[in-house]
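Welcome, and take a moment to look around before reading on. The report below walks through the model one part at a time.

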Amino acid sequence: MDLRDSPEEARFRGRLCAWLKENVPADPEPAVLAERWPYMRAFQQHLYRGGWVALSYPEEVGGQGLGPMEEAILSEELGRANAPTLLPLGHLGRPLLRYGTGEQRRRYLPPLLASDEIWCQGFSEPQAGSDLAALRTRAVREDDAWVLNGHKTWTSYGVFADFCLLLARTDPDAVRHRGISAFIVPLSAPGVTVRPIVLANGDEEFAELFLDDVRIPAENILGRPEDGWRIAMDVVNYERGAVETGYLPKFERYLSELAEFVKTRTSAPDRATLRALGEAAAALEVLRMHCLRTLSDRASGAPPGPESSIDKLLMTAVEQKLMALSLSLLTDTAVPGRAEWFDRYLYGRAGSIYGGSAQIQRNILAERLLGLPRSPA
């Protein structure tokens with residue numbers, strides 16, 4: 001595997017760097033989500049109009065028709081340019097691209113990729129988080145409509161979303177992983193209630209969704225009935241990738257900010273500080289290299305599979321290492337309720353849970369990659 005840019009990739013990187021130099025906003029990213037969300041969305045829309053979003057999507061649905069390596073270059077250069085955080089929602093277009101009808105792809109993908117319409121993911125439920133197959137939300141076919149009833153939770157950016165990719169049980173007699181279907185649910189539909197969840201850092205990034213006799217057109221099913229589990233696994237495999245969700249540039253920016261703080265403070269850094277910075281940089285480089293290996297597989301046509309659980313474990317380790325380092329360095333400002341770094345630290349603690357807990361990721365690697373026996377129920 002050659003990780004160096006090809007001549008064509010080098011030219012792409014050059015054009016991108018020139019664009020970022022002229023277009024990355026100079027004002028800092030707001031700390032409060034209510035202000036940060038429109039800031040992030042505006043930059044992502046500007047990025048899309050510049051031709052730098054959805055690089056590996058087909059041109060007919062609003063993409064650029066390039067490959068995953070260009071996606072990796074974009075991720076790297078956004079971090080180096082200290083660009084605003086991207087909306088971590090690009091993976092939700094993948095199931096529409098793979099399972100959607102021609103009409104669904106034409107209707108939903110262009111505004112999703114342009115961030116003109118926001119999507120969220122309705123998978124987790126109060127009794128079905130890591131054990132997703134235990135979900136209880138039901139969808140019943142009535143003439144030309146599906147009627148949904150249930151309760152979703154930990155829905156990322158649900159308060160800002162226009163549509164939800166939602167899982168519901170359509171065959172209650174089928175075994176757990178079967179009998180589940182995926183639906184496109186407009187959150188403006190009568191019977192949908194969205195209630196924000198306030199996190200420890202004060203943000204309302206997550207929400208609960210309540211569905212009470214919500215009627216959606218029959219054509220809003222994605223894929224075939226009972227395709228839900230397969231669609232869900234595809235989504236989480238993309239969601240667990242640091243490149244797809246934009247986490248690599250965010251971590252690179254955090255490391256750059258911490259290194260700059262150490263360089264500019266009045267006292268010289270001690271050996272322990274330099275060692276901690278070096279360990280964080282090494283962990284981030286391991287993550288970046290692993291992402292490039294994953295992208296090389298995708299460039300050869302292979303979709304992401306269970307090996308994406310390695311990305312998720314590495315992502316969590318890097319984020320928590322960076323946040324622990326930030327608290328040790330910024331002791332005079334990292335005070336609860338006052339500093340953005342403390343808010344980031346609190347958010348980083350959830351990395352071991354969201355998108356499938358660390359224990360779930362290790363089970364996936366043990367069973368699906370190493371072929372070890374399933375853990376007892």
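In which helix does S309 lie? S309 lies in helix α9, where helices (H or I, at least four residues) and strands (E, at least two) are DSSP runs, numbered from the N terminus. This is a predicted model, in which local features need pLDDT of at least 70 and side-chain atom pairs count only at pLDDT 80 or more, while totals for chains, interfaces and linings use all residues. Residues are numbered from 1 along each chain as its sequence is written, and side-chain values use heavy atoms, with hydrogens and water left out.

**Single residues in and out of cover**

Let us stay with S309 for a moment. With a relative accessible area of 0%, S309 counts as buried; buried means under 20% relative accessible area, exposed over 50%, and partly exposed in between (1.4 Å probe, protein chains only). Helix α9 also holds K312, and K312 is buried too, at 4%.

Helix α8 spans residues 271–299 and contains L274. Is L274 buried or partly exposed? L274 is partly exposed, because its relative accessible area is 46%. H290 also has its place in α8, but H290 counts as buried, with 8% relative accessibility. Leaving aside neighbours within four places in sequence, H290 is in contact (heavy atoms within 4.5 Å) with E307, I310, D311 and L314.

Strand β5 (residues 180–186) is the place of V185. At 0% relative accessibility, V185 is buried. Beyond its neighbours within four places in sequence, V185 is in contact with L148, D162, F163, C164, L166, L211 and I216.

Here are some C-alpha separations for residues met so far.

| Pair | Apart along the chain | C-alpha separation |
|---|---|---|
| L274 and A259 | 15 residues | 9.2 Å |
| V185 and C120 | 65 residues | 9.8 Å |
| S309 and I221 | 88 residues | 28 Å |
| K312 and E29 | 283 residues | 25 Å |

**The nonpolar cores**

In soluble globular proteins, nonpolar side chains tend to be buried together. A nonpolar core is a set of buried Ala, Val, Leu, Ile, Met, Phe, Trp, Tyr and Cys residues joined through side-chain atoms within 4.5 Å. How many residues does the largest nonpolar core have? The largest core has 70 residues, and those with the most contacts inside it are L47, W119, L148 and F183. Not counting residues up to four places away in sequence, L47 touches W19, L20, W52, V53, L78 and L86. A second, separate core has 25 residues, including Y254, L255, V262 and M315.

Helix α6 covers residues 228–239 and has 12 residues. From its first C-alpha to its last, α6 reaches 16 Å, close to the 16 Å expected at 1.5 Å a residue, where the expected span is 1.5 Å times one less than the number of residues. Nine of the 12 residues of α6 are buried, so the helix is mostly covered. Among them are G228, D234 and N237, along with I231 and V235.

Helix α7 (residues 247–264) has 18 residues, which should span 26 Å at 1.5 Å a residue. Its end C-alpha atoms are 26 Å apart, which agrees. The buried residues of α7 include Y247, K250, E252, R253 and L258. Which helices do the buried residues of α7 pack against? They pack against α3, α8, α9 (308–329) and α10 (340–349).

**Where α3 meets α8**

The axes of helix α3 (residues 68–80) and α8 come within 8 Å and cross at roughly 155°. Axes are lines fitted to C-alpha atoms, for helices over the stretch in contact, and angles run from 0 to 180 degrees between N-to-C directions. The crossing makes α3 roughly antiparallel to α8, because angles over 145 degrees count as roughly antiparallel, under 35 as roughly parallel, 65 to 115 as roughly perpendicular and the rest as oblique. On the α3 side, P68, M69, A72 and E76 meet R288, L292, L295, S296, R298 and A299 in α8. The residues of this contact divide into six nonpolar, one polar and three charged. Here Ala, Val, Leu, Ile, Met, Phe, Trp, Tyr, Cys and Pro count as nonpolar, Asp, Glu, Lys and Arg as charged, and the others, Gly among them, as polar.

**Two backbone details**

N82 has a positive phi of about 55° although it is not a glycine. N82 has its place in the loop between α3 and α4 (93–99), and it is partly exposed at 46% relative accessible area. W154, in strand β3 (residues 145–156), is not a glycine either and has a positive phi of about 55°.
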